[in-house]
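Dear colleague,

Please find the structure below, handed over for your own work. A short account of the findings follows it.

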Amino acid sequence: MTRAQAAGLPTREADSAAASAVKALQAEGRHADARERYAELVARHQRRAARIAFHYLRDAAEVDESVQDALVKAYSHLSSFREELPFEVWFTRILINGCLDRIKARTRRERWLVPMPESPHGQRDFTERVAGTGPSPEDQLLGRERRQKLAAALARLPERQRSVFMLSHYEGCTSREVSALTGLNESTVRVHLFRAIRRLRTLLADDAASIGVGGERRRVTS
Amino acid sequence: MPPALAWGENGAVSLLSRYGAGRLRHLDDSRFADLWSRAVANGESVSDPHLSTCAQCQSRYAAFTDWLERIHDDARDEAEDAFPPDRLAAQQAQVMRRLEALERPARVIMFPRFGRPVTSTQGHAQRWIAAAAAAGLVIGLAAGQFFDVRHIFTPVVRTPQLQSARAVTQGPPSGPQIVPASASNSAVSDETLFFGGDPARTSGHLQMLRAIDDITPRARDIDGPR
């Protein structure tokens with residue numbers, strides 16, 4: 001079992017077959033059947049797409065929109081899909097480009113707008129709090145702080161390093177897959193991944209120190 | 001030769017120390033990152049001669065991979081929490097609705113101002129009427145400038161008193177005289193004005209009118225109190 005399969009990625013053969021079938025149905029004008037078949041692809045890729053978009057955007061509403069846009073765009077441009085390229089790669093490229101466009105638009109917008117301050121708990125709204133029987137409040141708080149630190153550290157990485165790290169580490173893609181997704185060389189992907197980890201180690205030095213790792217790492221002096 | 005000896009000793013020491021240090025030197029974070037990224041990128045397991053023999057580096061490398069796994073789990077949990085199954089189901093339904101809408105032709109909603117058709121036969125007729133009225137007004141004004149038509153509408157009064165007075169002063173009348181209403185005698189009655197001043201004709205007309213008046217039903221007789 002490859003790392004990609006272990007990460008829950010759908011089988012490529014099934015994807016390609018489904019995408020080709022949808023393309024053929026579209027060409028025949030059987031749109032209802034094409035939609036029905038495409039729903040399988042949506043169901044298979046939706047969760048992973050939401051995860052990837054969330055790593056980029058970190059806003060659930062915006063992630064929702066970007067995933068929807070990417071799925072609709074993929075369906076409407078399926079005629080340009082080539083069977084030799086895996087559907088997953090083709091679709092993820094559309095998704096990532098959409099996310100990057102949204103980040104650019106958000107950056108432009110935030111130049112003029114002051115964002116609403118978040119509550120001390122890191123939640124924007126009380127309605128976002130959901131009662132549950134999961135971890136204790138202390139664990140939740142620690143976990144939330146850790147996630148915030150990680151998100152802040154990731155946000156400080158250059159765009160390519162961030163993309164490569166997220167795709168490699170979070171989604172379990174190999175360097176060849178990341179290369180196909182990002183358009184970078186495989187060797188460049190490896191270099192970016194190495195640099196991303198090294199930089200994250202520096203940025204999250206306190207977190208790393210708390211688990212007894214460090215050795216000869218550089219410390220950030222403030 | 002001192003320099004050669006010096007070089008030989010220093011060089012030998014340097015090479016030995018380097019070799020020894022290379023064997024004994026523990027791996028740092030950069031090396032761990034390099035090993036890990038190679039392993040991940042190629043989908044292989046980590047292989048390093050020092051790491052396979054040094055227990056200290058092995059434990060540190062294990063901690064390093066634990067740290068990375070924790071990052072992975074945190075990020076994954078956060079994303080999964082943000083998108084529970086019901087939200088994903090709603091998202092899928094929304095995607096399918098959008099796909100269905102793609103195939104329907106766009107519906108153009110008419111702006112309220114243009115809700116009623118601008119051009120119609122009724123509009124043409126109204127325009128012609130307005131144009132004719134305007135043209136008539138212009139023609140009337142132009143004609144009024146050239147012709148004095150005021151005398152057409154002025155009433156002509158022929159009273160016996162005036163006729164006799166004119167006969168005394170001017171002789172026999174040559175034709176009908178125009179007398180302004182303001183200049184007429186105040187003693188002239190309505191019957192005189194309407195029927196030319198002949199008492200016999202006046203009384204006869206009055207009798208006839210009274211007879212008509214008698215047979216004409218009054219409104220108060222018809223519409224009784226309700």
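The model is predicted, so local features need pLDDT of at least 70 and side-chain atom pairs count only at pLDDT 80 or more, while totals for chains, interfaces and linings use all residues. Residues are numbered from 1 along each chain as its sequence is written, chains are lettered from A and ligands numbered from 1 in the order in which they are written, and side-chain values use heavy atoms, with hydrogens and water left out.

Interface of chain A and chain B

Chain A contributes 52 residues to the contact and chain B contributes 43 residues, where contact means heavy atoms within 4.5 Å. The buried area is about 4700 Å², and carbon and sulfur atoms give 61% of that area; buried area is the accessible area (1.4 Å probe) that two parts lose on being put together, summed over both. Of the area that chain A buries against chain B, A:R35, A:R147 and A:H169 supply 14%, more than any other three residues.

Seven salt bridges are found across the interface, a salt bridge being a side-chain nitrogen of Lys or Arg within 4 Å of a carboxyl oxygen of Asp or Glu. A:R147 and B:D81 meet through their side chains in a salt bridge, at 3.8 Å from N to O.

Helices α8(A) and α9(A)

Helices here are DSSP runs (H or I, at least four residues), numbered from the N terminus. In chain A, the axes of α8 (residues 175-182) and α9 come within 8 Å and cross at roughly 100 degrees; axes are lines fitted to C-alpha atoms, for helices over the stretch in contact, and angles run from 0 to 180 degrees between N-to-C directions. α8(A) and α9(A) are therefore roughly perpendicular to each other, the term for angles of 65 to 115 degrees. On the α8(A) side, A:S175, A:R176, A:V178, A:S179 and A:T182 meet A:E186, A:V189 and A:R190 of α9(A).

With kind regards

Terms used:
Helix = DSSP H or I, 4+ residues; strand = E, 2+ residues; numbered from the N terminus. Parallel < 35°, antiparallel > 145°, perpendicular 65-115°, else oblique.
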